[in-house]
Amino acid sequence: MKNKIVFNEIYQKTNYFVQDAKNDKISINNEKFYDLSFCSGVLLLGHNCKIFRETLKDFNQKKISIFAHPNIYTEKLAEKVKIFFPNFEKIIFCNSGSESVIKALRICKSINNKRYIVSVTGSWHGSVDQTLYSPDKNFYPQPLSSGLSFDQQKNLKFIPYNGIEKSKSILDKIKNNINCIIIEPVMGSLPTVKSKSYLKFLENYCKKNNIILVFDEIITGFRCEKGSVQNKFNLKPDITLIGKVLGGGFPIGAIGITKKIRQKINKLKKKIIFGGTFSANSYSVYAGLKMLNFIHKNKNLTKSLINKSQTFQLKINEFIEKYDLDVWVHRFDTMNRLVFTKKKIKNRIQRDFLEKDKNSNINQFKNFLFKNRIYYAPNGIIFFSYASKDKSIDHIANVFCNGLYKFFKNKI
């Protein structure tokens, strides 16, 4: 067709498009696929759930529109968020998770005007110029995109996740000039409960050296036991980023700051700009309020999702043990990831190193899942929703086992 705009090559290359979705399935090429993404963890209750449909009706019935001025639902949502994150003294709503990272880094720079942003390997902080890098073998940042500033590259340092000794060695050399340390406390690249001691090390180090600690809980917020990683492990970061589940199916991001950070901001003589046309827009905050009300009232929701995720993990790992396959399913509460090595690993650097010679088998396995009508997201993070039925999870696990046996038996 002449003059057709091929936008998917500009934004994100794909061989197919999703048409529609309901409960735990999405439609691709007029066929139903089991969804293992649920919009990268956004849809805690599944596609087009009852709460979401009621929200859309409310927009019409209550004549909710978009306003440039703060709306009444923003304050209500902030109060509800504080139930889940009691450490928050102030909440700044943003349009997205990426925007919350940008503005959080702006806060840190305004407060201390120090040079280095320290990122922990394996974390993903969205499409943000300051953090859009990956570490090489010497932990030097390498750009993931063109168009990034060399000054940003020079001002970014990496420390290894779950590597206390090496992290301390790197931090000690620059501790007087650190803007902040930012981390996904539990990462989609390797969801594990074995990170508590490392996170406690970071908390203590930052407190001792007056460094701002930023937790990116955009994924883990509202989908963990006790509502967050920091609550589960009894940790107190200075700034927390949340999003995804928070919007109830609509775009949103937010920054939660402690009393200490709020007081530092208030002492500044210069303004920090947080505004945006769609920041705290009435649609997103109303939908978020409905979602958090539902989660708060249904105390067993998170436990149910944890049980679904654990069932999937245990069934596959038992199969892996039985047939001695060199793969393993890692899990943190409601987040699973299939890692293509059985060896004990503690961060993404080790994961990538051990997986690199298996790319052909990994791609064949992913194609196998697709042919069996299972949508396995490119980022590799596996989520289930409240709409995911036990029978469906059992079927999905069986397909995984068949594929793993076919492509990884005797591949060590």
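Colleague: Which helix is Leu369 found in?
Modeller: Leu369 is in helix 14, residues 359–371. A helix here is a DSSP run of H or I with at least four residues, a strand is a run of E with at least two, and both are numbered from the N terminus. Bear in mind that this is a predicted model, where local features need pLDDT of at least 70 and side-chain atom pairs count only at pLDDT 80 or more, while totals for chains, interfaces and linings use all residues. Residues are numbered from 1 along each chain as its sequence is written, and side-chain values use heavy atoms, with hydrogens and water left out.

Colleague: Why is Leu369 called buried?
Modeller: Its relative accessibility is 0%. Buried means under 20% relative accessible area, exposed means over 50%, and partly exposed is in between (1.4 Å probe, protein chains only). Leu369 therefore counts as buried.

Colleague: What does Leu369 touch, not counting residues up to four places away in sequence?
Modeller: Ile374, Tyr376, Val399 and Phe400. Contact means heavy atoms within 4.5 Å.

Colleague: Over to Gln230: how do you know that it's buried?
Modeller: Its relative accessible area is 2%, and that falls under the buried cut-off. Gln230 is found in helix 9, residues 229–232.

Colleague: What makes a polar contact with the side chain of Gln230?
Modeller: The side chain of Glu217, at 3.0 Å. A polar contact is a pair of N or O atoms within 3.5 Å; within protein, one must be able to donate a hydrogen and the other to accept it, and residues adjacent in sequence count only if both atoms are side-chain atoms. Glu217's side chain also has a polar contact with the side chain of Thr220, at 2.6 Å.

Colleague: Where is Thr220 found, and why is it called buried?
Modeller: Thr220 is in the loop between strand 10 (212–216) and helix 9. Thr220 counts as buried because its relative accessibility is 2%.

Colleague: How about Asn234: buried or exposed?
Modeller: Exposed, because its relative accessible area is 51%. Asn234 lies in the loop between helix 9 and strand 11 (239–243). Its phi is near 55°, a positive value in a residue other than glycine.

Colleague: What makes a set of residues a nonpolar core?
Modeller: A core is made of buried Ala, Val, Leu, Ile, Met, Phe, Trp, Tyr and Cys residues joined through side-chain atoms within 4.5 Å. The largest one here has 59 residues, and Ile107, Ile181, Ile183, Leu202 and Ile239 touch the most other members. Helix 8 gives the most to this core, with 6 residues. In soluble globular proteins, nonpolar side chains tend to be buried together.

Colleague: What makes a space a pocket?
Modeller: On a 1 Å grid over the protein atoms alone, a cavity is a set of points where a 1.4 Å probe fits but cannot get out, while a pocket is an open set with protein on both sides within 12 Å along at least five of seven lines; lining residues have an atom within 4 Å of a point. The second largest pocket is lined by 19 residues, with Thr192, Lys194, His330, Lys344 and Ile345 the closest to its centre.

Colleague: Which element gives the most to that lining?
Modeller: Strand 13, with 4 residues.
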